[in-house]
Amino acid sequence: MRALVTDQDGPRLVGDYAVPEIGLTDALVRIEHAGLSPLEMAAVSGRIDHDGVIGHELVGIVEKLGERAAKSPLLGKRVVASPDVACGTCDLCKKGLSVHCRNRRVIGLRQLDGTLADYIALPVRNLMEVSSKIDPEQAVFAHAVADALHVAHLAPVEKQTYVTVLGDGAQAILAAQVLAKRNASVRLVGAREERFGLCERWQIRHRHISEPGLRADQDVVVVSLEPEPGPNLAGADAVRTALGMLRPRGSLVLQGPPVHVDGLDLSLSDHLERVIRDEMRILGARSGRIGEGLDAIHSGLVDLLPLITRRANLNDGVGMLRVAGEPNQIRMVVEVAA
Ligand SMILES: [Zn+2]
């Protein structure tokens, strides 16, 4: 099968990658669309330690089921997948905390082949059926939307006066979309003015990073830590800026990627004195529930099409990586079906 792989020799499209074997509780999914995000770029550049097929988002059709999954109703159905694959046997999995599994693998990012290929084998429990009413191309973002909703669940924004989302990558924009539905005073503070048009389209308040002072008046600041190309707010000083914006007893939400990314400089230790003095709350946010993401897409809670700035085909190979790395790209959808 075709697969976009990376290792020490760099990224390349190969045509003879072995179709994955399925385990007893797995499904073989024929991939229709995959996402190409800054995480894939980080895997290719080595900022994420991953060898093998890249890609962590997918929409596809279940073509085959393992012996112990034979009764699953998903055969022949269109599905999306949660990228975190839990072991099911560690103490945390047994406590119902499989999202924090001690042996967690992540599709296309850690110890598992990814979605920029014709097929992927995944545990059936990771899959969720996509309603025929949802545009398959938008369903690619079910996990990204779920992560934004997770921030909304964690961040108490409804009754707050001042809420800032710091960042202007796709995750920050999605978080701002979701939070602004709960509290119209939510503002996005970004570095790329060309993205503010999107905020205007959705009537989300916005400011350039050079404008707002560090006035210690924000109730909640959400920092989206994304390994974005080009100017962005995910690197050094994002936490310093966020803490400078927060009022005493304010909440800082750090929304991060599903795996470690080199170069996301949190430098939190430099600021802990301030955290203690002003009794701030710091919350980590990673993975939401993919079913909630699908529901939000179905109900129109989020507007995704303007975030798709490019479309590509798997046959474009490494050429699409070059395009995806351009700073004006927000998210790319890759057509995989031949
Ligand atoms: Zn586990």
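Reader: Which residues coordinate the zinc ion here, and at what distance?

Author: Cys87, Cys90, Cys93 and Cys101 do, each through SG, at 2.3 Å. Donors here are N, O and S atoms within 2.8 Å of the metal (3.2 Å for Na, K and Ca), and water is not among the atoms, so sites may look incomplete. Bear in mind that this is a predicted model, where local features need pLDDT of at least 70 and side-chain atom pairs count only at pLDDT 80 or more. Residues are numbered from 1 along each chain, and side-chain values use heavy atoms.

Reader: How are the donor residues spaced in sequence?

Author: The spacing is C-x2-C-x2-C-x7-C.

Reader: What arrangement do the four donor atoms make?

Author: Ideal angles for four tetrahedral donors are 109.5 degrees. Around this zinc ion the angles run from 100 to 120°, so the arrangement is tetrahedral (all angles between 85 and 135 degrees).

Reader: On to the helices. What is the angle between H4 and H5?

Author: Two packed helices are described by the angle between their axes and the distance between the axes. H4 (residues 142-154) and H5 (residues 170-182) pack at about 50°, axes 9 Å apart.

Reader: Which residues of H4 meet H5?

Author: Among them are Ala144, Val145 and Asp147 of H4, with Gln171, Leu174 and Arg182 on the H5 side (contact means heavy atoms within 4.5 Å). By class, the contact has ten nonpolar, two polar and two charged residues.

Reader: How does H4 pack with H9?

Author: H4 and H9 (residues 290-299) pack at about 100°, with axes 7 Å apart, so H4 is roughly perpendicular to H9. Residues in this contact include His143 and Leu149 of H4, and Glu292 and Leu294 of H9.

Key: Axes fitted to C-alpha atoms, helices over the stretch in contact; angles between N-to-C directions. Helix = DSSP H or I, 4+ residues; strand = E, 2+ residues; numbered from the N terminus. Nonpolar A, V, L, I, M, F, W, Y, C, P; charged D, E, K, R; others polar. Tetrahedral: all angles 85-135°; square planar, octahedral: opposite > 155°, others 65-115°. Parallel < 35°, antiparallel > 145°, perpendicular 65-115°, else oblique.
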